[in-house]
Structures are given as structure tokens and as C-alpha cells.
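Here is a friendly briefing to read with the model open beside you.

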Amino acid sequence: MNIFPMLALATALGVAPAIAASTTPFQAEDIFKLAAANDVQISPDGKYIVYVRQQNNIMTDRTESNLWLIEVASGKHSPLFADKFSYSQPRWAPDSKRIAFVSDRDGSSQIFVHWLAEQKTAAISQLQVRPSQLSWSPDGKRIAFMAEVSAPTTDFAKSVYQPKKPAGANWSQSPIVVERTYYQADGRGVMRSAYNQLFVLPSEGGVEQQLTEGPYAHRGPVVWTKDNNNLIFSANRNADWEYQSNQGDLYKVSINNQQLTQLTRLDGAESEPALSPDGKTLAFTFSSPAAVSYSNTKLKLLALDSGKFSDLAANLDRSVESPNWVDNSTLVFQYADQGQTKVAQISTRDRMTDLVNDLGGTSLGRPYLSGMFSVANDGTLAYTQGTSQRPADVAVYSKNKSRTLTALNSGLLQQRQLGKVEEIRYTSTAGNEEIQGWYITPPNFDPNKKYPLLVEIHGGPHLAYGPQFAAELQRYAAEGYVVFYNNYRGSTGYGERFAMLLHFNYSSEFDYQDHMSGVDAMIAKGFIDENNLYIAGGSAGGIATAYAVGLTDRFNAAAATNPVVNWTTKVLTADSYIGQIQNQFPGVPWEHQAHYWQRSPLSLVGNVKTPVLLFTGEKDRRTPISETEQYYQALKLRQVDTAMVRVPDAYHGVTNRPSWMIAKVEHALAWFKRYQKAPAQ
């Protein structure tokens, strides 16, 4: 009997079929079969949920994005648009009868509207650029969005003499003139000079109307006023905004005459505006202007009639994200807390209650905290629910209870024996800081046996891991490794003091000791083979890996993905140079060269004896491949075993394609196996 059609049907219906427990571990090819829910949007009346289903495709080596619909009461689950085209940004109309979304189904990215009852769909835009930040007007008659508009040619570029090209001549491409401060971005390369502008479009189709202009940074989300006549958004409209990474204000623009009104003038960055149902109070998040590597994002209210500001959750030592109003006196928001992503409810009287703590699952490769939610008019939450054993499913929270509505990976993962995720807390030898971590044990784990240990370090460094599904780490566990990962100092979710322990100290011996103390804590459990220790990490984790092997010979081998080894060359070539120099260092590199060198793994390369595998995208503009090349050539000069794996066409998201994720893990596994020793007795 062929069970796979049954599994596919059960998955589509969101039902987990009963299958006998499997002994097959997680395979490399399984990465092509994974799916996850994202951008979960509940209708205002709370009856339906539309979400983006992200499914890896082995034939295209891409993650495809389709739209699926769920009836909340019955759990009925059906495809809305599931074909060869891409779908994103589903947004409900206020009447809960229509869904706007962005798709390339007509050849380019356009805004579409789907009428639910009539089962009819129409493109309502004819744009030359990709729209984002869709937002319905309260009366449902218009949709606001943002899109990039090209800047005029500069005086210098206009003044350059260009000889006339003869008819039929085959000339090379013209040189590109770069004059902008912010001229490149990872994932895009050198960008055309363009600026995000705000538009509005009739919801039944027509010609878009541009509401903002000028060489400024306009940002979503976009919020309508109750009278349908104005839009509120965040922007930095200062002339030097490209140099001001910690500044932004809230503005209101009139639909009728494009008059712009500045609503806030705080010293710092105001963003994520959310307007109360009665239109009287504006909630927003606020970030400090201080030139530091991390500060908590706070929640503020602005009374629009009086201009008075007030704070909510001021004593919450965590960063607040995505505020949404439930009613005129209640909001919900999400925040990271000790390896969990939570949604909390707070009243305008500052009374806070946690609602759910299991958001996540949208980061498939590594166990980063992730997830999102949306809220209906009655306060019902729809959200991405993640666990250590499953990527994101769709869940709903109402009346103090959560229900899981999908089982997107049941057909695959019920046929696999995954590694079990366990928590560990220990004390770092650096400052006696408590560090939270987790470890994954291999399938058929026997605590009386000895297993090789792999330390896997997260990026950021101001990010966080948690007990979430992680395809890469499950592959390591499937090959017999105990995989240890932690939230070392600098990680988010443990308060501002803990995050700031790495201010001017990354990379350093301090975060290194957080990792090594974890290694010792794992060895103390009795099932780790001390003769076979390995270390790996990506981005900031790649930096930490390269720094660690300059301080210790305890590891048999290392795998550093997207590392930075020379901070001077990094900040002067990467896309993040303005914010990084301002917030992470005491000044520019030519005035603080000793500090930059001390933080650079290259300063320790003379100590390295550990074989190092390097894995980087050739188009990476966040940690440019020149960083990898410097380390590779330095190790070769020292005759230390090393290999450089270059991924063509990959930017910093070097695992963004399924085959790239597989390649990253399988190259590391082969490298580690090469340096395996006889087990400790």
C-alpha cells in the first residue's frame, strides 16, 4: 500500500496521520521536503486565516511561497493560490471579504485582490517596481503601499561626455557612477539610486498616486487614520539621514493634498506605528539614539489631540516588537525572553500579561528565535507556532487556549527520528555569568556511551537561539554528534545589561569563555568524547569560531561560515559600515586601529593549529568574501590545514537555497570526519 498520497492529503487538511515510529534519522535530502508557515494573517472578523506556505522545491532549488486559507472554527484547510508563481504579503480588507497580496503571476510583481465569496481574483496595479507594506483604508476603498522611485541623475553624471554609439555597434556596459553614502546592500549588490516612497491605489484598480517624494528614508508599516484621509509612517527626512542609523520620526501625509505633518520629534528612532480603533492614540516603538551596539526597543503612546507622550512596559527589560491594538485600552506585542518568543497583552493602564510563548519555526536552518502574529477585532491571535521537533505551523489563541491548525511536515518528520533537544544552564568563567544553552542528542542516544561534541555558535551577535527546529543541527545530530548551542553574552532576551556585555568586546576572550565553559559543562555530563570536539558558526558565529581557534587547540577541526577576520577591511567594504562603525566601535578605524586589530581573528592567526574550513557566498556584502580569502591565505602561509568553499551567486544568506544549506552541512561533516580521532576511553 502506498502511504504517500494519504500523507499528502493529511498534511493538506492539517491532520497528523498515525504512523509507526521511525528509526530513520534526518537525511540531507529531507531539507528539500520541508515546509513552514509565515505571514499568518487572521481576518478582522476572526473567521479565517490566510498565510504564506513556504515549501522547498527540489526541481527549482528554491523556496516557493503560496497562499493557503484556514477556516478557524472548523480547521478546514485549503489552497488559495498554490502554483508556479510567487505570493506574499496577504492582507485582509476591513470587511473580511477580500484579500490583497503581491504576486508575479502576471510577469512582474503586482498587487492583486481576491474576492473570497465570489472566488474571483484581479490585478489592480500596473507597477514598474515591487510594492511592499500593503495597507487597506478603513473603508476598504483604497490600498496604500511603498515602492522605490529612482532618483534624478546627479549633476556630475550628467556632465560626463559620452560618445555616440554607432548603429549596430556592440559596446560593453557603461560604467556605473556611485555617489550615494548608502550604495550597496547584501542580497542586492550595488543598488540603483532610488528612494522608498508612499503610494495609494483604488482597491478596485486604477492609477497609483504618489504621496511622498525626496531623497529620504520612508519606512513602513503604513497606518491609515480613521477618516480615510491620512497615512502615518516612519521616516528620517533629515538631509544627512544616511549617516543617522539611530534616528527616525513619525509623519502624517494627507491623501488629498500631500501635506506632510511631523508627529514626533524625539531624539531616537520612532517606528512601527499602530493607531487605536477610535483614532485617538498612536502606539509606536522607540529606540535610543545612543551610539551603542544594543539597546532595548521600548513601547510608547502618543495622544494625538494633546501631543502628550507616555510609556508602557517601561520596566520590561526586553525589546518590544509589533504593537497591535485589540481595543481602545488594550494592545498586544511580541518580545524575546530567554530562548522563547512571546506575545503579551498590555492595557493602557500598564497591566501586562503573557498570552503565548511558542512563536517560532520560520528559520529552518538554525534555531533562531523567530515568528509573527496577527490579531482579529475580538482579540483572537493567529501566529506561527514552532517547536524543537517541527518548523512553523499555524496556531490560533482564543479564550486562554491555543490550537494548532496545521501539520505541514507530518508526512516527512513522522517518518524520521529526530535528535532530542535538552536545556542546559551553566556559569561562564568570564564574570560568573549564567549562560543558557541547549544540546541535541543523536537518535537512539545512549547516555552510557561517548559522543563527539559540536559547538555551534549563532550570528548577530545580538540575536538569540532557542529550542526550535533546526535542519542543519538535526543533520549533525543524525550523523552521531551531540550538538551544543548557547545564548552567549550579547544575545537578546536576557536584558540590556547582558546584551551590552559585548559592547566594544566582540570578538573577545569573554564570549570565547562562554563557549568553552559550555564545553566543560557538557563534558561533565559524562557522555562527551573529549578526543573529538568540533566548533562551527556562521556570520558572528563564524567570527567567534575563527577567534576561538586562535586561543585554543582543544578542537579537532573548525568550520567558519561567513566570517569576519579583519575588522578594518570589513567595515570599509561591507554594506553595514555606517551603523557598525557608529555603534560597535569607539571610532573610525584609522583613529582606533589597535582596537580594531584586537577584535580581529586575524590578529591571532599566528597561534592557529586547528584545521579550518571556510564557507562563504561569493556575492556576500555583509561579511565580504575578501574576509574569507584573507584568512585562507594566512592559514596557507602558515601551512595550517584549510579549505575554502565559495558559493557562486550567494550573498550573506548562504543557506537561502536548499542545496546551499545541504552543501554547508555536508562540507562541514566531511571536514570533521577527516580529523576524527579514536574515541576517548
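In this predicted model, the side chains of Asn-486 and His-515 are joined by a polar contact of 3.4 Å. A polar contact here is a pair of N or O atoms within 3.5 Å; within protein, one must be able to donate a hydrogen and the other to accept it, and residues adjacent in sequence count only if both atoms are side-chain atoms. Residues are numbered from 1 along each chain as its sequence is written, and side-chain values use heavy atoms, with hydrogens and water left out. Local features need pLDDT of at least 70 and side-chain atom pairs count only at pLDDT 80 or more, while totals for chains, interfaces and linings use all residues.

**Around Asn-486**

- Asn-486 sits in strand β34 (residues 482-487); helices (H or I, at least four residues) and strands (E, at least two) are DSSP runs, numbered from the N terminus.
- Its side chain also makes a polar contact of 2.9 Å with the side chain of Tyr-426.
- Why does Asn-486 count as buried? Its relative accessibility is 1%, and buried means under 20% relative accessible area, exposed over 50% and partly exposed in between (1.4 Å probe, protein chains only).
- Setting aside residues up to four places away in sequence, Asn-486 touches Tyr-426, Ile-435, Gln-436, Gly-437, Glu-456, His-458, Tyr-465, Asp-514 and His-515, where contact means heavy atoms within 4.5 Å.

**Cavities**

- The structure holds two cavities of 30 Å³ or more.
- On a 1 Å grid over the protein atoms alone, a cavity is a set of points where a 1.4 Å probe fits but cannot get out, and a pocket is an open set with protein on both sides within 12 Å along at least five of seven lines; lining residues have an atom within 4 Å of a point.
- Grid points are joined across faces, edges and corners, and a volume is the space filled by probe spheres set on the points.
- The largest cavity has a volume of about 70 Å³, and its lining includes Glu-456, Tyr-476, Thr-561, Phe-615 and Lys-664.
- β35 (528-538), β36 (557-561), β37 (612-617) and α12 (658-674) each give at least two residues to the lining of the largest cavity.
- That lining has seven nonpolar, three polar and two charged residues; Ala, Val, Leu, Ile, Met, Phe, Trp, Tyr, Cys and Pro count as nonpolar, Asp, Glu, Lys and Arg as charged, and the others, Gly among them, as polar.
- The second largest cavity holds about 30 Å³ of space and is lined by Ser-293, Pro-461, His-462, Leu-502, Tyr-506 and Gln-584.
- The lining of the second largest cavity divides into three nonpolar, three polar and no charged residues.

**The second largest pocket**

- This pocket has a volume of about 1600 Å³.
- Which residues lie nearest its centre? Of the 42 lining residues, they are Gln-41, Ser-135, Val-222, Val-223 and Asn-324.
- Strands that each supply at least two lining residues include β1 (35-42), β5 (87-92) and β15 (217-224).
- The lining comprises 23 nonpolar, 15 polar and four charged residues.

**Nonpolar cores**

- In the largest nonpolar core, of 80 residues, Leu-453, Met-522, Tyr-631 and Phe-672 touch the most other members; such a core is a set of buried Ala, Val, Leu, Ile, Met, Phe, Trp, Tyr and Cys residues joined through side-chain atoms within 4.5 Å.

**Helix α9**

- Ile-578, Gln-580, Ile-581, Asn-583 and Gln-584 are the buried residues of helix α9 (residues 577-584).
- These buried residues pack against α8 (567-571) and α10 (593-598).

**Backbone points to check**

- Gly-220 and Pro-221 are joined by a cis peptide bond with omega of about 5°, and Pro-221 belongs to strand β15.
- The bond from Gly-460 to Pro-461 is also cis, with omega near 0°; Pro-461 is in the loop between β33 (451-457) and α4 (471-478).
- Gln-89, in strand β5, has a positive phi near 55° and is buried at 12% relative accessible area.
- Asn-400 has a positive phi near 65°, lies in the loop between β29 (393-398) and β30 (401-404), and is exposed at 67%.
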